[in-house]
Amino acid sequence: MQLHFEDERPLFIQIAEQIEDAILSGVFPEETQIPSTTEISVSYKINPATALKGINILVDRGIVYKRRGLGMFVAKGAVGKLKNRRKEEFFDNYVSKLVSEAKRLGFSKEDIIKMVERGFKE
Amino acid sequence: MKGLSVTNVTKRFGDITALDRINLYFGENRIYGLLGRNGAGKTTLLNTITGRIFADEGSVILDGSPVTENESNLSRIFMMSESNYYPENMKVADAFRWTGEFYDSFDRDRAVELSGRFGLSLNKKIKSLSTGYGTIFKLVTALSVNVPYILLDEPVLGLDANHRDLFYRVLIETYSENPATYIISTHLIEEVSGIIEDVVIINKGRIIRNEPRESLLSKYYCVTGHISAVDEFARDKKVIASETLGGLKNAYIEGTPDKRSMPEGLSISRMDLQKLFIQLTGEGGNMQ
(Lines give C-alpha, C1' and ligand atoms only; values in the text may rest on other atoms or scores of the structure.)
Protein backbone atom coordinates (compact mmCIF):
# COMPACT_ATOMS: atom_id res chain seq x y z
CA MET A 1 0.00 0.00 0.00
CA GLN A 2 1.35 3.38 -0.90
CA LEU A 3 0.20 6.96 -0.78
CA HIS A 4 0.68 9.33 -3.64
CA PHE A 5 1.51 12.77 -2.43
CA GLU A 6 1.02 14.24 -5.90
CA ASP A 7 -2.36 12.53 -6.26
CA GLU A 8 -5.07 15.15 -6.67
CA ARG A 9 -7.02 13.68 -3.76
CA PRO A 10 -6.10 14.60 -0.19
CA LEU A 11 -4.21 12.00 1.86
CA PHE A 12 -7.12 11.21 4.18
CA ILE A 13 -9.32 10.23 1.21
CA GLN A 14 -6.56 7.95 -0.06
CA ILE A 15 -6.32 6.35 3.39
CA ALA A 16 -10.07 5.72 3.46
CA GLU A 17 -9.93 4.19 -0.03
CA GLN A 18 -7.04 1.88 0.76
CA ILE A 19 -8.77 0.55 3.86
CA GLU A 20 -11.89 0.03 1.73
CA ASP A 21 -9.78 -1.87 -0.81
CA ALA A 22 -8.44 -4.08 1.98
CA ILE A 23 -11.98 -4.75 3.22
CA LEU A 24 -13.18 -5.57 -0.31
CA SER A 25 -10.32 -7.97 -0.91
CA GLY A 26 -10.94 -9.73 2.40
CA VAL A 27 -7.82 -8.60 4.23
CA PHE A 28 -10.06 -7.22 6.98
CA PRO A 29 -13.20 -9.42 7.11
CA GLU A 30 -16.45 -8.14 8.61
CA GLU A 31 -16.49 -7.95 12.40
CA THR A 32 -12.70 -7.98 12.61
CA GLN A 33 -10.50 -5.17 13.81
CA ILE A 34 -8.75 -2.77 11.46
CA PRO A 35 -5.37 -1.26 12.40
CA SER A 36 -5.45 1.60 14.91
CA THR A 37 -4.98 5.24 13.99
CA THR A 38 -1.46 5.06 15.40
CA GLU A 39 -0.57 1.93 13.43
CA ILE A 40 -1.91 3.47 10.23
CA SER A 41 -0.12 6.77 10.75
CA VAL A 42 3.18 5.10 11.67
CA SER A 43 3.04 2.76 8.71
CA TYR A 44 2.18 5.49 6.18
CA LYS A 45 4.25 8.11 7.99
CA ILE A 46 1.38 10.56 8.16
CA ASN A 47 -0.03 12.71 10.91
CA PRO A 48 -2.39 10.76 13.21
CA ALA A 49 -5.02 13.46 12.66
CA THR A 50 -4.96 12.66 8.92
CA ALA A 51 -5.34 8.93 9.60
CA LEU A 52 -8.22 9.63 11.97
CA LYS A 53 -9.92 11.79 9.35
CA GLY A 54 -9.66 8.91 6.87
CA ILE A 55 -11.14 6.44 9.34
CA ASN A 56 -13.94 8.86 10.21
CA ILE A 57 -15.03 8.85 6.56
CA LEU A 58 -15.49 5.09 6.88
CA VAL A 59 -17.43 5.56 10.12
CA ASP A 60 -19.74 8.06 8.41
CA ARG A 61 -20.30 5.63 5.55
CA GLY A 62 -21.13 2.82 7.98
CA ILE A 63 -18.16 0.74 6.83
CA VAL A 64 -16.42 0.57 10.20
CA TYR A 65 -17.61 1.22 13.75
CA LYS A 66 -16.03 1.81 17.09
CA ARG A 67 -16.04 -0.76 19.87
CA ARG A 68 -15.46 1.12 23.06
CA GLY A 69 -12.03 0.48 24.50
CA LEU A 70 -11.11 -1.94 21.74
CA GLY A 71 -10.80 -0.03 18.49
CA MET A 72 -12.38 0.09 15.07
CA PHE A 73 -14.12 -2.93 13.54
CA VAL A 74 -15.46 -3.68 10.08
CA ALA A 75 -19.25 -3.40 10.15
CA LYS A 76 -21.53 -6.25 9.23
CA GLY A 77 -22.66 -5.78 5.63
CA ALA A 78 -19.69 -3.50 4.87
CA VAL A 79 -18.56 -5.53 1.87
CA GLY A 80 -22.03 -5.38 0.28
CA LYS A 81 -22.23 -1.64 0.89
CA LEU A 82 -18.81 -1.07 -0.64
CA LYS A 83 -19.63 -3.18 -3.67
CA ASN A 84 -22.84 -1.28 -4.28
CA ARG A 85 -21.11 2.06 -4.09
CA ARG A 86 -18.24 0.98 -6.28
CA LYS A 87 -20.70 -0.41 -8.83
CA GLU A 88 -22.36 2.98 -9.00
CA GLU A 89 -18.97 4.59 -9.53
CA PHE A 90 -17.77 1.98 -12.01
CA PHE A 91 -18.94 3.85 -15.10
CA ASP A 92 -17.27 7.12 -14.12
CA ASN A 93 -14.10 5.55 -12.76
CA TYR A 94 -13.45 2.98 -15.44
CA VAL A 95 -15.78 2.97 -18.46
CA SER A 96 -15.62 6.63 -19.35
CA LYS A 97 -11.82 6.64 -18.98
CA LEU A 98 -11.57 3.49 -21.09
CA VAL A 99 -13.70 4.99 -23.84
CA SER A 100 -11.80 8.27 -23.97
CA GLU A 101 -8.42 6.48 -24.16
CA ALA A 102 -9.85 4.12 -26.80
CA LYS A 103 -10.98 7.09 -28.91
CA ARG A 104 -7.56 8.70 -28.56
CA LEU A 105 -5.93 5.52 -29.85
CA GLY A 106 -8.45 5.07 -32.64
CA PHE A 107 -10.08 1.86 -31.40
CA SER A 108 -13.60 1.14 -32.62
CA LYS A 109 -16.42 0.15 -30.29
CA GLU A 110 -16.18 -3.40 -31.68
CA ASP A 111 -12.42 -3.56 -30.92
CA ILE A 112 -13.12 -2.67 -27.32
CA ILE A 113 -15.97 -5.15 -26.96
CA LYS A 114 -13.65 -7.89 -28.32
CA MET A 115 -10.99 -6.94 -25.81
CA VAL A 116 -13.48 -6.97 -22.96
CA GLU A 117 -14.60 -10.44 -24.02
CA ARG A 118 -10.98 -11.59 -24.09
CA GLY A 119 -10.46 -10.06 -20.66
CA PHE A 120 -13.31 -12.10 -19.22
CA LYS A 121 -11.89 -15.33 -20.75
CA GLU A 122 -8.40 -14.91 -19.29
CA MET B 1 -3.83 31.55 26.92
CA LYS B 2 -2.42 28.12 26.06
CA GLY B 3 0.03 27.91 23.22
CA LEU B 4 3.19 29.56 22.06
CA SER B 5 2.84 33.07 20.66
CA VAL B 6 5.54 34.95 18.83
CA THR B 7 4.56 38.59 18.59
CA ASN B 8 6.28 41.15 16.39
CA VAL B 9 9.69 39.61 16.86
CA THR B 10 12.57 41.35 15.12
CA LYS B 11 16.21 40.32 15.37
CA ARG B 12 19.11 42.09 13.71
CA PHE B 13 22.72 41.04 13.36
CA GLY B 14 24.52 44.25 12.38
CA ASP B 15 22.96 45.38 9.10
CA ILE B 16 21.15 42.14 8.55
CA THR B 17 17.58 41.75 9.69
CA ALA B 18 17.43 38.03 10.43
CA LEU B 19 13.85 38.13 11.69
CA ASP B 20 11.52 40.82 10.47
CA ARG B 21 8.37 41.40 12.55
CA ILE B 22 7.50 37.73 13.00
CA ASN B 23 4.01 36.90 14.21
CA LEU B 24 3.18 33.26 14.80
CA TYR B 25 1.02 31.13 17.02
CA PHE B 26 1.75 27.49 17.75
CA GLY B 27 -1.23 25.66 19.22
CA GLU B 28 -1.17 22.76 21.62
CA ASN B 29 -0.43 19.24 20.41
CA ARG B 30 0.05 19.97 16.73
CA ILE B 31 2.96 19.18 14.44
CA TYR B 32 4.32 22.20 12.61
CA GLY B 33 6.79 22.25 9.76
CA LEU B 34 9.06 25.29 9.74
CA LEU B 35 10.35 25.49 6.21
CA GLY B 36 12.87 27.88 4.74
CA ARG B 37 15.97 27.96 2.60
CA ASN B 38 19.45 28.18 4.08
CA GLY B 39 19.82 31.48 5.87
CA ALA B 40 16.09 32.19 5.85
CA GLY B 41 16.01 32.62 9.63
CA LYS B 42 14.74 29.23 10.85
CA THR B 43 17.42 28.58 13.46
CA THR B 44 17.41 32.20 14.63
CA LEU B 45 13.66 31.97 15.10
CA LEU B 46 13.92 28.71 17.06
CA ASN B 47 16.75 30.10 19.18
CA THR B 48 14.66 33.18 19.92
CA ILE B 49 11.65 31.08 20.87
CA THR B 50 13.69 29.07 23.36
CA GLY B 51 15.40 32.16 24.79
CA ARG B 52 18.88 31.16 23.61
CA ILE B 53 19.12 34.51 21.90
CA PHE B 54 17.17 37.65 22.67
CA ALA B 55 14.97 39.45 20.20
CA ASP B 56 15.59 43.16 19.60
CA GLU B 57 11.86 43.73 19.55
CA GLY B 58 8.77 41.72 20.27
CA SER B 59 7.94 38.94 22.65
CA VAL B 60 7.59 35.18 22.94
CA ILE B 61 4.78 34.09 25.24
CA LEU B 62 4.40 30.49 26.36
CA ASP B 63 1.08 29.53 27.96
CA GLY B 64 0.49 33.10 29.07
CA SER B 65 3.89 34.25 30.30
CA PRO B 66 7.15 35.36 28.65
CA VAL B 67 9.30 32.35 27.90
CA THR B 68 12.57 33.83 29.14
CA GLU B 69 11.34 35.31 32.42
CA ASN B 70 9.80 32.18 33.74
CA GLU B 71 11.87 29.27 35.00
CA SER B 72 9.02 26.80 34.71
CA ASN B 73 8.43 27.83 31.10
CA LEU B 74 11.96 26.91 30.12
CA SER B 75 11.41 23.41 31.43
CA ARG B 76 8.29 23.09 29.28
CA ILE B 77 10.13 23.64 26.04
CA PHE B 78 12.98 21.62 24.56
CA MET B 79 15.09 22.35 21.53
CA MET B 80 17.17 19.86 19.65
CA SER B 81 19.65 21.72 17.54
CA GLU B 82 22.62 21.25 15.29
CA SER B 83 25.05 22.61 17.85
CA ASN B 84 26.09 20.44 20.73
CA TYR B 85 25.98 21.78 24.25
CA TYR B 86 27.15 18.66 26.07
CA PRO B 87 30.64 18.38 27.52
CA GLU B 88 32.64 16.45 24.97
CA ASN B 89 33.94 13.74 27.28
CA MET B 90 30.49 12.83 28.46
CA LYS B 91 29.15 9.42 27.58
CA VAL B 92 25.69 8.94 26.10
CA ALA B 93 24.39 7.30 29.27
CA ASP B 94 25.72 10.18 31.42
CA ALA B 95 24.12 12.71 29.12
CA PHE B 96 20.77 11.00 29.58
CA ARG B 97 21.23 11.16 33.35
CA TRP B 98 22.19 14.82 33.06
CA THR B 99 19.14 15.65 30.95
CA GLY B 100 17.03 13.98 33.63
CA GLU B 101 18.41 16.46 36.15
CA PHE B 102 17.15 19.37 34.07
CA TYR B 103 13.89 17.89 32.90
CA ASP B 104 11.88 16.03 35.54
CA SER B 105 9.72 14.60 32.82
CA PHE B 106 12.66 12.97 30.97
CA ASP B 107 11.99 9.25 30.55
CA ARG B 108 15.34 7.49 30.79
CA ASP B 109 13.92 4.04 30.14
CA ARG B 110 12.44 5.36 26.95
CA ALA B 111 15.78 6.92 25.97
CA VAL B 112 17.56 3.61 26.56
CA GLU B 113 14.93 1.72 24.58
CA LEU B 114 15.13 4.16 21.66
CA SER B 115 18.94 4.03 21.72
CA GLY B 116 18.65 0.29 21.27
CA ARG B 117 16.30 0.65 18.33
CA PHE B 118 18.62 3.12 16.62
CA GLY B 119 21.75 1.14 17.48
CA LEU B 120 23.21 3.94 19.59
CA SER B 121 25.72 2.65 22.12
CA LEU B 122 25.24 4.09 25.61
CA ASN B 123 28.91 3.76 26.46
CA LYS B 124 30.17 5.88 23.61
CA LYS B 125 31.54 9.33 24.25
CA ILE B 126 29.46 12.02 22.61
CA LYS B 127 32.49 13.50 20.87
CA SER B 128 33.30 10.17 19.24
CA LEU B 129 29.87 9.85 17.61
CA SER B 130 29.64 10.23 13.83
CA THR B 131 27.46 13.01 12.40
CA GLY B 132 24.59 10.57 12.01
CA TYR B 133 24.87 9.11 15.50
CA GLY B 134 25.37 12.58 16.95
CA THR B 135 21.98 13.46 15.46
CA ILE B 136 20.49 10.19 16.73
CA PHE B 137 21.73 10.92 20.25
CA LYS B 138 20.02 14.32 20.16
CA LEU B 139 16.84 12.88 18.64
CA VAL B 140 16.59 10.16 21.26
CA THR B 141 16.90 12.84 23.94
CA ALA B 142 14.24 15.02 22.30
CA LEU B 143 11.84 12.11 21.91
CA SER B 144 12.22 11.06 25.55
CA VAL B 145 12.02 14.45 27.21
CA ASN B 146 8.21 14.57 27.43
CA VAL B 147 7.70 18.31 27.53
CA PRO B 148 4.74 20.08 25.89
CA TYR B 149 6.82 21.98 23.28
CA ILE B 150 9.56 20.24 21.31
CA LEU B 151 11.57 22.05 18.67
CA LEU B 152 13.57 19.97 16.23
CA ASP B 153 16.12 21.85 14.15
CA GLU B 154 17.30 19.70 11.23
CA PRO B 155 16.38 16.43 12.97
CA VAL B 156 17.58 14.15 10.16
CA LEU B 157 20.96 15.73 9.49
CA GLY B 158 23.38 13.00 8.48
CA LEU B 159 20.90 10.16 8.95
CA ASP B 160 20.76 7.39 6.36
CA ALA B 161 17.45 6.43 4.76
CA ASN B 162 16.80 3.62 7.28
CA HIS B 163 17.39 5.85 10.28
CA ARG B 164 15.27 8.64 8.80
CA ASP B 165 12.46 6.16 8.27
CA LEU B 166 12.80 4.91 11.84
CA PHE B 167 12.86 8.48 13.17
CA TYR B 168 9.59 9.41 11.41
CA ARG B 169 7.93 6.27 12.78
CA VAL B 170 9.18 6.87 16.31
CA LEU B 171 8.13 10.51 16.09
CA ILE B 172 4.56 9.53 15.18
CA GLU B 173 4.49 6.82 17.86
CA THR B 174 5.73 9.25 20.50
CA TYR B 175 3.29 11.94 19.39
CA SER B 176 0.37 9.49 19.42
CA GLU B 177 1.14 8.21 22.89
CA ASN B 178 2.16 11.52 24.34
CA PRO B 179 0.83 14.44 22.32
CA ALA B 180 2.95 17.59 22.35
CA THR B 181 3.57 20.53 20.07
CA TYR B 182 6.37 19.75 17.64
CA ILE B 183 8.04 22.38 15.50
CA ILE B 184 10.20 20.67 12.89
CA SER B 185 12.62 22.61 10.78
CA THR B 186 13.92 20.58 7.86
CA HIS B 187 15.12 20.67 4.28
CA LEU B 188 13.74 17.23 3.49
CA ILE B 189 10.26 18.55 2.82
CA GLU B 190 8.91 15.60 0.92
CA GLU B 191 9.68 13.25 3.78
CA VAL B 192 7.82 15.22 6.44
CA SER B 193 5.05 16.41 4.16
CA GLY B 194 2.54 13.86 5.44
CA ILE B 195 3.51 14.25 9.06
CA ILE B 196 3.19 17.98 9.51
CA GLU B 197 -0.27 19.41 9.98
CA ASP B 198 0.64 23.05 9.70
CA VAL B 199 3.13 24.71 7.42
CA VAL B 200 5.11 27.81 8.29
CA ILE B 201 7.30 29.11 5.48
CA ILE B 202 9.96 31.66 6.31
CA ASN B 203 11.83 33.52 3.60
CA LYS B 204 14.46 36.21 4.13
CA GLY B 205 13.40 36.69 7.73
CA ARG B 206 9.71 37.01 6.98
CA ILE B 207 6.82 34.61 7.31
CA ILE B 208 5.32 34.16 3.86
CA ARG B 209 2.91 31.29 4.56
CA ASN B 210 1.36 30.01 7.77
CA GLU B 211 -1.57 27.63 7.47
CA PRO B 212 -2.64 23.97 7.60
CA ARG B 213 -0.96 21.85 4.93
CA GLU B 214 -4.25 20.72 3.38
CA SER B 215 -5.57 24.25 2.97
CA LEU B 216 -2.26 25.51 1.57
CA LEU B 217 -2.04 22.71 -0.99
CA SER B 218 -5.67 23.03 -2.02
CA LYS B 219 -5.02 26.57 -3.21
CA TYR B 220 -2.90 25.43 -6.13
CA TYR B 221 -2.93 22.77 -8.81
CA CYS B 222 -0.83 21.62 -11.73
CA VAL B 223 -2.05 21.31 -15.32
CA THR B 224 -0.14 19.18 -17.81
CA GLY B 225 -0.54 18.89 -21.55
CA HIS B 226 0.53 20.27 -24.92
CA ILE B 227 2.09 23.74 -24.62
CA SER B 228 -0.58 25.47 -26.67
CA ALA B 229 -3.44 23.77 -24.85
CA VAL B 230 -1.94 24.59 -21.44
CA ASP B 231 -1.29 28.21 -22.45
CA GLU B 232 -4.85 28.55 -23.76
CA PHE B 233 -6.23 27.07 -20.54
CA ALA B 234 -4.04 29.24 -18.31
CA ARG B 235 -4.64 32.47 -20.21
CA ASP B 236 -7.09 33.93 -17.69
CA LYS B 237 -5.56 32.24 -14.64
CA LYS B 238 -2.82 33.08 -12.20
CA VAL B 239 0.19 30.96 -13.10
CA ILE B 240 2.83 30.89 -10.37
CA ALA B 241 5.36 28.84 -12.30
CA SER B 242 5.71 26.58 -15.29
CA GLU B 243 8.14 24.19 -16.90
CA THR B 244 8.34 22.68 -20.35
CA LEU B 245 9.70 19.41 -21.65
CA GLY B 246 9.70 19.42 -25.43
CA GLY B 247 6.12 20.15 -26.44
CA LEU B 248 4.81 19.28 -23.01
CA LYS B 249 4.09 21.89 -20.40
CA ASN B 250 3.34 21.89 -16.68
CA ALA B 251 1.71 25.02 -15.33
CA TYR B 252 1.25 25.61 -11.62
CA ILE B 253 -1.89 27.60 -11.12
CA GLU B 254 -3.43 29.36 -8.16
CA GLY B 255 -7.07 28.47 -7.60
CA THR B 256 -9.31 25.42 -7.69
CA PRO B 257 -9.70 23.46 -10.91
CA ASP B 258 -13.14 22.89 -12.38
CA LYS B 259 -12.74 19.22 -13.24
CA ARG B 260 -15.94 19.01 -15.27
CA SER B 261 -14.86 21.59 -17.78
CA MET B 262 -11.30 20.48 -18.40
CA PRO B 263 -10.36 20.66 -22.07
CA GLU B 264 -9.52 17.36 -23.75
CA GLY B 265 -5.87 16.37 -23.43
CA LEU B 266 -5.12 18.25 -20.23
CA SER B 267 -4.59 16.50 -16.95
CA ILE B 268 -4.67 17.87 -13.44
CA SER B 269 -2.49 16.91 -10.57
CA ARG B 270 -2.12 18.13 -7.05
CA MET B 271 0.61 20.49 -6.00
CA ASP B 272 3.02 18.85 -3.61
CA LEU B 273 4.55 20.71 -0.71
CA GLN B 274 8.13 20.60 -1.94
CA LYS B 275 7.20 21.93 -5.40
CA LEU B 276 5.14 24.69 -3.85
CA PHE B 277 7.95 25.57 -1.45
CA ILE B 278 10.42 25.88 -4.31
CA GLN B 279 8.05 28.11 -6.26
CA LEU B 280 7.37 30.31 -3.23
CA THR B 281 10.97 30.77 -2.16
CA GLY B 282 12.99 30.16 -5.33
CA GLU B 283 15.00 32.67 -7.31
CA GLY B 284 12.66 34.51 -9.61
CA GLY B 285 9.71 33.55 -7.43
CA ASN B 286 7.12 36.29 -7.72
CA MET B 287 5.05 35.52 -4.70
CA GLN B 288 6.70 37.49 -1.94
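These legends walk through close-up views of a predicted model. Local features need pLDDT of at least 70, side-chain atom pairs count only at pLDDT 80 or more, and totals for chains, interfaces and linings use all residues. Residues are numbered from 1 along each chain as its sequence is written, and side-chain values use heavy atoms, leaving out hydrogens and water.

**View 1. Two domains of chain A.** An automatic or database domain assignment gives chain A domain 1 (11-76) and domain 2 (79-121). Their C-alpha centres lie 28 Å apart. Nine residues of domain 1 are in contact with seven of domain 2 (contact means heavy atoms within 4.5 Å).

**View 2. Salt bridges between the domains of chain A.** Look for Glu20(A) and Arg85(A), whose side chains meet in a salt bridge at 3.0 Å, N to O. The term means a side-chain nitrogen of Lys or Arg within 4 Å of a carboxyl oxygen of Asp or Glu. The rule finds three salt bridges across this domain interface.

**View 3. Where chain B meets chain A.** Here 20 residues of chain B are in contact with 17 residues of chain A. Together the chains bury about 1600 Å², 56% of it on carbon and sulfur atoms; buried area is the accessible area (1.4 Å probe) that two parts lose on being put together, summed over both. In chain B, Arg169(B), Ile172(B) and Arg270(B) lose the most area to chain A, together 31% of what that side buries.

**View 4. A salt bridge between the chains.** Lys45(A) pairs with Asp165(B) in a salt bridge, with the closest N and O atoms 2.3 Å apart.

Methods:
Chains are lettered from A and ligands numbered from 1 in the order in which they are written.
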